[in-house]
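I wanted to go through this chain from its overall fold down to single residues. My notes are below the structure.

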Amino acid sequence: MRVYGFANEKGSLCLENEECSPIPSNDNVCEAIDLTLGEVCTFTTNECASFQNNEPYPSCFFGNSTEEFNSVWFKFVAPSSGRVNITESGALSTQIAIYNFQNCSNFGTAIEVYCSGNSSNFVDALIPGTS
């Protein structure tokens, strides 16, 4: 671990280290939590979430490092209209990307179909019946 002062700042500090636990059940893409469209929001967390090997870096995400990822995964079936409204509430500033996967064990099969750094997202480019 390297610790240094931003812009050459100097001063005392105290470091604490503890294990992050529990890891969210949907930390890995193959363990994505099923969402049913129209259901009341269920709060979740990305605290203790990690970055999977070869996890794609979404096209619209700001930042430039996989160290910034604390991704958790969800899945849903696109409605017949192909449109959904994804809203986020809480203290977390979210970045959302939607993918179609042929195989959740192979990130090479992931096709990004939507990406946004906003907290309210109207998505209208989904293929009905796909998850």
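**Fold.** I am working with a predicted model. I looked up the secondary structure and found six strands and zero helices. From the N terminus the order reads β-β-β-β-β-β. Next I checked burial: 27% of the 131 residues are buried. I also looked at contacts between residues at least 6 apart in sequence, and 63% of these join residues at least 24 apart.

**Cores.** Which residues make up the largest nonpolar core? I listed nine: Phe76, Ala78, Val84, Ile86, Ile96, Ile98, Tyr114, Val123 and Leu126. Strand 3 (84-87) and strand 4 (96-100) are the elements that each give two or more residues to this core. Another core, of six residues, lies apart from it and includes Val29, Ala32, Phe107 and Ala110.

I then picked Ile96 and set aside its neighbours within four places in sequence. Ile96 contacts Phe61, Ile86, Tyr114, Cys115, Ser116 and Asn121.

**Asp27.** This residue sits in the segment before strand 1 (33-34). Is Asp27 buried or exposed? I found Asp27 buried, and without a salt bridge. Lys75 is the nearest side chain of opposite charge, 16 Å away. What does the side chain of Asp27 reach at 2.7 Å? I traced it to the backbone nitrogen of Ser50. Leaving out residues up to four places away in sequence, Asp27 touches Ala49, Ser50, Gln52, Ser71 and Trp73.

Notes
Residues numbered from 1 in each chain as written. Predicted model: local features only at pLDDT ≥ 70, side-chain atom pairs only at ≥ 80, totals over all residues. Heavy atoms only, no water. Core = buried A, V, L, I, M, F, W, Y, C linked by side-chain atoms within 4.5 Å. Buried < 20%, exposed > 50% of the residue type's maximum accessible area, 1.4 Å probe, protein only. Helix = DSSP H or I, 4+ residues; strand = E, 2+ residues; numbered from the N terminus. Contact = heavy atoms within 4.5 Å. Lys, Arg positive; Asp, Glu negative; His and termini not counted. Salt bridge = Lys/Arg side-chain N within 4 Å of Asp/Glu carboxyl O. Polar contact = N/O pair within 3.5 Å; in protein donor to acceptor, adjacent residues only side chain to side chain.
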